[in-house]
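Keep the viewer open and try each task before reading its solution.

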Amino acid sequence: MLSLLFLIFFGSVEIIFLSSSCMKIPHGGWIPVLLTTIFMAIMFVWHYGSRKKYSYDLHNKVTLKWILTLGPSLGIIRVPGIGLIYTELASGIPSTFTNFLTDLPAFYQVVVFVCVKTVPLPYVPLEERYLIGRIGPKSFRIYRCIVRNGYKDVQKSEDDFENDIVMSIAEFIQLEAEGSGNMEGSVDGRLAVVRTSDKFGKRLEISESDRYGEGSSSLDPVMLSGSKSATLLYLQSTYEQESPNVGLRRRFIFKLPDAKYRDPNVKEELMELVEAKHAGVAYVIGHSHVKAKWTAPYLKRFVIDVLYSFLRKNCRATAVVLNIPHICLIEVGMNYYL
């Protein structure tokens, strides 16, 4: 009843304004109607194309069963570091990940599927913003992170976001080992609102490095000896010297506190997470090319191939919206035939 009253009241106001504008068309009052039509067409095309693209991702996602058939090694070479894979799917494995593995059978030792959702609230409390879960067995080191933002929340910097991800995963590992009841059901396992835990932030010790802009040289060289080669460190230092803005990034060091762990596997997983963070974080996003099928009707092909493609080319890139640093960005090309 409340929704009906809302529709009747504001619908009546809109009808009155629209009818008054239509009555003024013979006298030159057609500009408001034309602008309204243009803006409504833009919103319809963008919504239609985005919905079709999301449906394509939803129908082409990979199930957990496919991941389990690959075995503990996932059939690929695991390299040091953390790979943050951005996806719009809250469950399942996106086709971007499988396309990446098909072209290059190597990936990071810790994989995190990040799904950023905007909820119909102005602000989301920081304690309820991150949902952390696990995909597959523990030996896979694959996690899922759902970030819930309000439509008035400000995007955080990449340093704070990376630290929040690492701290949240560490808290989830401990909560899972302790058998905490603060878990919710999920297709891939269980999701936890980790920041509601009283021990959040105490699982790992974090400190900011004294030196800036020196790449991984500000970290312990013994820790990095097995993660990055001398050639890679030289190339990174050369890039940072040529790009002064990169030197403004803050450096953080994580380490495990002096505590006893009842399960040695928990300590091993936390140590692997810390080592992966010190090795580096890479952001993997899909660089999609959307086309309509040849069998599609002419109107659909015109909307997708011309109008929607024009809007996509003239809007901000995903990396800019998500505030992803350019040096850590990996784009995977994807062709969408809607």
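The exercises below concern a predicted model.

**Exercise 1.** Find how the axes of helix α2 and helix α9 are arranged, and which residues meet.

*Solution.* Two packed helices are described by the angle between their axes and the distance between the axes. Start by locating α2 at residues 31–59 and α9 at residues 298–313. Their axes come within 9 Å and cross at roughly 100°. Angles of 65 to 115 degrees count as roughly perpendicular, so α2 and α9 are roughly perpendicular to each other. Next, look at the contact: residues of α2 including Ile-42, Val-45, Trp-46 and Lys-53 meet residues of α9, among them Val-303, Ile-304, Leu-307 and Arg-312. Sorted by class, this contact has nine nonpolar, two polar and four charged residues.

**Exercise 2.** Take the stretches 28–46 and 106–124, listed by UniProt as "transmembrane region", and work out the helix and strand content of each.

*Solution.* The UniProt entry is unreviewed, and it also lists 66–86 under that feature. Residues 28–46 are 84% helix and 0% strand, with end C-alpha atoms 30 Å apart. Residues 106–124, in turn, are 0% helix and 74% strand, and their end C-alpha atoms are 36 Å apart.

Definitions and conventions. Residues numbered from 1 in each chain as written. Predicted model: local features only at pLDDT ≥ 70, side-chain atom pairs only at ≥ 80, totals over all residues. Heavy atoms only, no water. Axes fitted to C-alpha atoms, helices over the stretch in contact; angles between N-to-C directions. Helix = DSSP H or I, 4+ residues; strand = E, 2+ residues; numbered from the N terminus. Parallel < 35°, antiparallel > 145°, perpendicular 65-115°, else oblique. Contact = heavy atoms within 4.5 Å. Nonpolar A, V, L, I, M, F, W, Y, C, P; charged D, E, K, R; others polar. UniProt positions renumbered as here; feature names shortened; annotations may be inferred.
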